[in-house]
Amino acid sequence: MSGKKKEVMRLERESVIPILKPKLIMTLANLIEHNTDRAEFLKLCKRAEYTIRAWYLLQFEDLMQLYSLFDPIHGAQKLKQQNLSPEEIDVLEQNFLMYLFQVMKKSNFKLTTNEEIDVALSGQYLLNLPIMVDDSKLDKKLFKKYFADHPYENLPDFADKYIIFRRGIGIDKTTDYFFMEKVDMIIARLCRYLLRLTRLEKLLKRSSGRHEKDLKKLDDISSEANGDDLFESVRLESMELSVGNLLSKNTIQEPTFDRIIVVYRRASTEFKTERGIYVKHFKNIPMADMEIVLPEKKNPGLTPMDWVKFLGSAIVGLVTVFGSLEMPKADLWVNFAILSTVIGYCAKIYFTFQQNLAAYQNLITQSMYDKQLDSGKGTLLHLCDDVIQQEVKEVIISFFVLMEKGKATRQELDLWCEELIKEEFCESCNFDVDDAVYKLEKLGIIARDSVGRYYCIGLKRANEMIGTTTEELVLKARHGGGRP
């Protein structure tokens, strides 16, 4: 990646535990010396999962039943069968959003903020067209009412029309020649140079000063962050110009949002009141190309800079040609060369736009088939399972740490859990110790001493406290019956 400057951005460390539950359980079980303790630990893991799943069963059922009324495909028919008034439907849809936000929080999804959007859209990756949302096609009442009743800090500007949840950070790399992109980059730098010479750059900076200030502030914060919070972005626009870079393949990279969920509703028309709520689930979306997941996108067109270059070159060419024709000895070959250059440059702008449009259509197709995990009910079922998996992993890790290290304060338990994840699995996360302690106390398998330190009870006693679960009885009856 030599020859390219790396931009470093800071994102808050995730609370999600990025380890598969079976791997987590078996790795920790293998660290236990005695076979009897290992067997009790495995039993405890199963009983904890069965119990936590039972805790959420009713809440998940309410969530799914409410969504069935607002499913964009069949929801309208079910609402009609219920014969509900508009006011009653409004209450039900707000209840659905309340359950949805609770599940999102438990599954460690976060609402994107304005700062994250600014950082994500401050550059380009594979998408080189300005993508805009057609606000007239989106409902503006649903979320406006919800956030009025449930205030959130630092909501993005578009939160009244659609909301974007994100979770997990990854890295995407692409290697190619990027010929057209490099030509555009050279032209853009020449334009900036000319603006600097004519001192027009200062006028343009005044209109974009706020945005640059915000990005600078984020850069200052990122320089103070620890390594686990920093993510490198290598983009073409920051590449150093050289013959080697322009003629060889280059590798660019961009941090990605590992999971993104977009929720929105289409606008009602004069003849139809829209009640369907769309929930779409995407994976591995590059931050700089996050526009591909936006709902109800407008068809992209030429950028303002493209129009400036297009019209500017045409005006300069025509003025030059007419000026030379008025001279006593007009050189037709010179005029032909100037016209050819202007026409060629305008053609280049047009064909670059067509290439970017084809790339955009390819990205949209890819987001639909490769990057879209699910939508609607499928996304909600996935979220429900996510909640259970994360809750179980928090319980298992925190109980194991107390079992192995002994008594601990809440801060010590938090640190030890993060160290265990780092040492045994080479992963990092911001362990949610408060939630883990709450569940351990609810299960009745930890207690506090006289000075407030937490300690766990014995494995056998812990299994007795949870008790035999319904799942175990079913499995025992199935095994006793001799049928699979």
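This is a predicted model: local features need pLDDT of at least 70, side-chain atom pairs count only at pLDDT 80 or more; totals for chains, interfaces and linings use all residues.
**Helix 1**

On the face turned away from the buried side, I found Pro22 and Asn30, both exposed.

Which residues of helix 1 are buried? Across residues 21-30, I noted Lys21, Leu24, Ile25, Leu28 and Ala29.

Next I asked myself what covers the buried residues of helix 1. The cover includes helix 2 (35-70), helix 13 and helix 14 (410-425).

**The second largest pocket**

I looked up its volume and got about 960 Å³. Its lining has 34 residues, and the closest to the centre are Glu12, Phe109, Lys110, Leu111 and Thr113. Several elements give two or more residues to this lining, among them strand 2 (110-111), helix 5 (114-120) and helix 13 (377-405). I sorted the lining residues by type too: 14 are nonpolar, seven polar and 13 charged.

Which helix gives the most to the lining of this pocket? I checked, and helix 4 does, with six residues.

**Helix 4**

That sent me off to helix 4. I counted 21 residues there, and from first C-alpha to last the helix reaches 31 Å, close to the expected 30 Å. Its buried residues include Ile89, Phe96, Leu97, Tyr99 and Met104. Glu93 and Gln94 of helix 4 are buried as well.

Key. Residues are numbered from 1 along each chain as its sequence is written. Side-chain values use heavy atoms; hydrogens and water are left out. On a 1 Å grid over the protein atoms alone, a cavity is a set of points where a 1.4 Å probe fits but cannot get out, and a pocket is an open set with protein on both sides within 12 Å along at least five of seven lines; lining residues have an atom within 4 Å of a point. Grid points are joined across faces, edges and corners, and a volume is the space filled by probe spheres set on the points. Helices (H or I, at least four residues) and strands (E, at least two) are DSSP runs, numbered from the N terminus. Ala, Val, Leu, Ile, Met, Phe, Trp, Tyr, Cys and Pro count as nonpolar, Asp, Glu, Lys and Arg as charged, and the others, Gly among them, as polar. The expected span of a helix is 1.5 Å times one less than its number of residues. Buried means under 20% relative accessible area, exposed over 50%, partly exposed in between (1.4 Å probe, protein chains only). Contact means heavy atoms within 4.5 Å.
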